[in-house]
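Me: I'd like to learn how the words used for a protein model follow from their cut-offs. Could you take my questions one by one?

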Amino acid sequence: QLKQAMRHHAEKGNTVFFSSHILDVVENLCDRVCIIKQGKLQGVFDLEELKQNNQSLEKLFMDIIEE
């Protein structure tokens, strides 16, 4: 129910900040993702754009975290 409420709220044009390490949930629920490492923003990514470019959120996340 919480996920549905968050999606419904976002569809009304509102912003929902959601923090998770569960990438499957992030991919299914979010439109954009920010990756933060040691308290610093590493980037903001559009999930649809990643899919169109055949990029994996998991690989992107691991590449950034391992830097």
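This is a predicted model: local features need pLDDT of at least 70, side-chain atom pairs count only at pLDDT 80 or more; totals for chains, interfaces and linings use all residues.

Me: What makes Ser56 the residue that caps the N-terminal end of α4?

Reply: A side-chain oxygen of Ser56 lies 3.2 Å from the backbone nitrogen of Glu58. A polar contact is a pair of N or O atoms within 3.5 Å, one able to donate a hydrogen and the other to accept it; residues adjacent in sequence count only if both atoms are side-chain atoms. Residues are numbered from 1 along each chain as its sequence is written, and side-chain values use heavy atoms, with hydrogens and water left out.

Me: Why is the pairing of Lys59 and Asp63 called a salt bridge?

Reply: The term asks for a side-chain nitrogen of Lys or Arg within 4 Å of a carboxyl oxygen of Asp or Glu. Between Lys59 and Asp63 the N to O distance is 2.9 Å, so the pair qualifies. They sit four residues apart in helix α4, about one helical turn.

Me: How do you know that the buried residues of α4 share a side?

Reply: Those residues are Leu57, Leu60 and Ile64. They cover an arc of only 65 degrees around the axis, which puts them on the same side of α4.

Methods. Buried means under 20% relative accessible area, exposed over 50%, partly exposed in between (1.4 Å probe, protein chains only). Helices (H or I, at least four residues) and strands (E, at least two) are DSSP runs, numbered from the N terminus. The arc is that of the directions from the helix axis to the C-beta atoms.
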